[in-house]
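Here is a short briefing on one chain. It starts with a single residue and then moves to the whole fold.

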Amino acid sequence: MKAALIGVGQAGGKVSQALLEEDRRAGYDSIRGAFAVNTAKTDLEGLDIDSMLVGQERVKGHGVGADNELGAEVMKSDVREVMGELDGVVDPKTEAIFVVAGLGGGTGSGGAPVIVNELQRIYEIPVYALGILPGRDEGGIYQANAGRSLKTLVREADSTLLVDNDAWRKTGESVTEAYDAINERIARRISLLLAAGEGIEGVGESVVDSSEVINTLKSGNMSALGFASADAAADAGENINVITSTTRKALLTGMSVPETTEAGAALVVVAGDSDRIPRKGVEKARSWVEDETRSMQVRGGDFPLDSDNVAILVLLSGVARSDRIEAFMERAKEASEEVETEQQTENFQNDELDGLF
Ligand code: GDP
């Protein structure tokens, strides 16, 4: 799938750059262009993709902290200028735009929904969000911000593909220690999904194409991606079991939002050497996912790659009933109420009255 990436905020910029680098390294060339937008000058200086600093009048390049309302306001004032910079990023061949952001902060959290809204007005192609959810141990303000941002993105975007910061991090690593490793995993997995949607004509019998990714994502407003890989045997027949067991791993332990197995629609991609991928294995994996997700709409196909491994991607769409997403929304709501109470206390303390002691 020919995609354009717009990274908003710190995480958005870093992940977009990691995706572009991985796409080029692997030789997929699915990503047409990547662009970063931020209110903090120093965050943009660390990137080597094209970028734009917004909100200079209001925040003078210093960022918006964790104030996502300010992030949204500032982005609204400058969103037309941002659109004017996208000429080389979105082109006539682009099939979808991904707006990438960490949902717990300020600029990405508030700004990404504004950018998605404006892109939807201008372009006919699907506009997706790639949203990073804060890990469980991140502070209340991150949870509260991410809840409001997600609610808005779900309304504005054709689909919001979620990655929980706790999902693809190794146990023992803190979220901040793990940023680079998490970003690398996000980059590998999502670039593989985009590349799989390219469809290479004449190779393989059941190659996935971009309309299958788009149609899968159509069936709900939140989505998640599962991944697992294993060594492939030289003999295709032996790989039927490898494919089915790796598919189980992708869905049961490799999801970008853990504990997400029910879906409105799904796409299973089996990537590897086409001589080693038996048709029957792909079909068995597809029908297992059909049973497990209780969805009637499960597509399956392969993606020919020159590799000794077999990699499985499971894209699930319509995942709002996921236990993990429900738990996150609950946490965000509680955190939001706490933040409000704190603000009221603060206002009260600022009153003219003197305390007793
Ligand atoms: P912004 O610049 O105001 O949009 O704020 P950030 O992008 O720093 O967003 C904060 C949220 O994103 C928090 O939940 C962080 O844990 C997360 N985050 C920040 N940087 C990264 C990163 O490089 N990778 C990942 N995966 N998450 C990040």
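Arginine 294 is exposed, at 66% relative accessible area (buried is under 20%, exposed over 50%, partly exposed in between; 1.4 Å probe, protein chains only). The model is predicted: local features need pLDDT of at least 70, side-chain atom pairs count only at pLDDT 80 or more, and totals for chains, interfaces and linings use all residues. Residues are numbered from 1 along each chain as its sequence is written, and side-chain values use heavy atoms, with hydrogens and water left out.

**Positive phi**
- Most residues other than glycine have a negative phi.
- Arginine 294 has a positive phi, near 55 degrees.
- Its place is the loop between α10 (279–293) and β9 (298–304).
- Aspartate 29 also has a positive phi, near 55 degrees.
- Aspartate 29 sits in the loop between α1 (9–25) and β2 (31–38).
- Aspartate 29 counts as partly exposed because its relative accessibility is 44%.

**Fold and dimensions**
- The chain has 11 helices and 10 strands (DSSP runs: H or I, at least four residues; E, at least two; numbered from the N terminus).
- The radius of gyration is 21 Å, which agrees with the value near 21 Å for a compact globule of 357 residues (C-alpha atoms; the rule is 2.2 Å times the number of residues to the power 0.38).
- The C-alpha trace spans about 80 × 45 × 35 Å along its principal axes.

**Burial and contacts**
- Of the 357 residues, 56% count as buried.
- Among contacts (heavy atoms within 4.5 Å) with a separation of 6 or more, 79% join residues 24 or more positions apart.
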